[in-house]
Number of protein chains: 2
Amino acid sequence: MVVFAGQGDARRSMALLWRSAGPAEESRPGPKPGLSVDLIVDTAIALADAEGMAALSMRAVGERLGRSGMALYTYVPSKGELVDLMYDRVLGELPTGYGHEEGWRAALTVWARDTWEFYLRHPWVLQVSQARPVLGPNEYLSLETLVRILRETGLDAPRIRGVVGTLFHFLRGSAGTVSEVRQAPAATGVSDEEWWLARSATLLEIAPGLTERFPAVAWLEGATAATSSHDDGLPYLEREARKSFETGLAVLLDGIEATVAG
Amino acid sequence: MVVFAGQGDARRSMALLWRSAGPAEESRPGPKPGLSVDLIVDTAIALADAEGMAALSMRAVGERLGRSGMALYTYVPSKGELVDLMYDRVLGELPTGYGHEEGWRAALTVWARDTWEFYLRHPWVLQVSQARPVLGPNEYLSLETLVRILRETGLDAPRIRGVVGTLFHFLRGSAGTVSEVRQAPAATGVSDEEWWLARSATLLEIAPGLTERFPAVAWLEGATAATSSHDDGLPYLEREARKSFETGLAVLLDGIEATVAG
DNA sequence: CTGATAGCTTTAGGGCGTAAGGAGACGGGA
DNA sequence: TCCCGTCTCCTTACGCCCTAAAGCTATCAG
């Protein structure tokens, strides 16, 4: 599920995203607000962190706040806007200062690992549509952080743009694999290993001659399984995904270096 | 929306995925089937191609076939399984033979462009969860195709595994950006340019001092806009996404080359 | 005190996936 | 020939989703 953002009138969305902590709070008729946008957004984030994007419904958020789902519409125009606000708020967790004393490659490595772990802390972020930038303050800030590192490479703007995209795609994809691997067993009630075993046993039975039909894949799986340790207690798929992340990151950094060298 | 696959009993799923064109078709009591799994899958693919994954409902597919939504459950155990079948069927479109006469880099470049365009032809494929492999014949085949190219590099299996992942993440992410950029205006009734203009105008008004707060981003956007041609009739965001794809691909290939040399 | 207003609720309408039960068509055995 | 078991397909129904609309009530300005 890619969750699309709200597109009510631009002015209201932007005001919500960029609202500065509290604008004087004049006294007005009617009951005092029992909730606040911040409270709602925080609650929604906690819910999404704990139970995933699929469990994020207006009713569920309302319930956590002791209100009906409809109560939220007083503060937030739609679920889409709420997701935008969650997204931009949570991006604020990302570190912003990566010193360049040790060179851009070291900084970029740390940045990538930080970002990767951020995605794993908030897997639902990976389901927020990237169709169009949300244009919130923290989105700007996180982009600023990355671009600052990359300017150290001396590459021109179009190339930096391409690298920015590639890094984000890589991180989102890689983290997405791990996070879905983690959540799928929970969703289906079958553990990783069990699922894998059941499927591959059935597969051999139903589709014989796999090794002959797909020799390169067979080679890859054989060689991978052979070098795969079982000491760390991680599920099979997650361990492989982590290794792939490190390998892929190294390849990417090499690629940037080669591009810089020109 | 990441669509999770079905996980009915493994045997039935696998049988559906690997079923060989027609197993004798014995005569049985009861009315003749008016539909078939193939017909349903093809119809569902056509629907998803035309109107996106969000429009793919059992009712909608049934309607296209002149049946109720529930009629499909005679052929397919659940929507999840249907999505698996769609996914594996459509993967069959991918070319499989990339000669290595011109070297792996040339082959990989063509492969990447082919795959990228495949994703743009079937954007809904990007919304199919990658949590666990579907393990259908065409998934195997497409992986086989890529691994065959990559074995030419002489890299070891773990590294090839990392590169495979990185390439897929990059392609899926990059194509996803373009496809969402394309579908979002349709979904919201606002064109790309309009949306962008409205947002950035409002942004400048509501969040002044952007350039000072985010100088690196301002530099990047200024420099990009300056070099951006307007001759090809493509919407702004799509043109940029295409350029980023080519840049990113070059960086990645350079990275693989460096790793090989490494 | 009065009237306007804002917070919140309930109701309702149009989606969704799918469980359950029933109608009718058809082939095979008696 | 007739009946019965089986199979396709339908309708109904449940519980979830987002959100429009209308109504209740607490609160404040005048």
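Predicted model: local features only at pLDDT ≥ 70, side-chain atom pairs only at ≥ 80, totals over all residues.
Residues are numbered from 1 along each chain as its sequence is written, and chains are lettered from A in the order in which they are written. Local features need pLDDT of at least 70 and side-chain atom pairs count only at pLDDT 80 or more, while totals for chains, interfaces and linings use all residues.

**View 1. Chain A meets chain B.** In this view 71 residues of chain A are in contact with 71 residues of chain B, where contact means that the C-beta atoms, placed from the backbone, lie within 7 Å. Helix 7 (157-188) of chain A is among the elements that give two or more residues to this side, and helix 7 of chain A gives the most, with 22 residues; helices here are DSSP runs of H or I with at least four residues, numbered from the N terminus.

**View 2. The two copies superposed.** A rotation of 180° with 0.0 Å of shift along its axis superposes chain A on chain B, with an RMSD of 0.1 Å, by least squares on the C-alpha atoms of residues with pLDDT of at least 70 in both. That is the relation of a two-fold axis.

**View 3. Helix 5 and helix 6 of chain B.** The axes of helix 5 (residues 104-121) of chain B and helix 6 (residues 137-151) of chain B come within 9 Å and cross at roughly 155°, which makes these helices of chain B roughly antiparallel (angles over 145 degrees, between N-to-C directions of lines fitted to C-alpha atoms over the stretch in contact). Trp104(B) and Trp111(B) of helix 5 of chain B are among the residues that make the contact, as are Leu146(B) and Ile149(B) of helix 6 of chain B.

Notes: Contact = placed C-beta atoms within 7 Å. Axes fitted to C-alpha atoms, helices over the stretch in contact; angles between N-to-C directions. Parallel < 35°, antiparallel > 145°, perpendicular 65-115°, else oblique.
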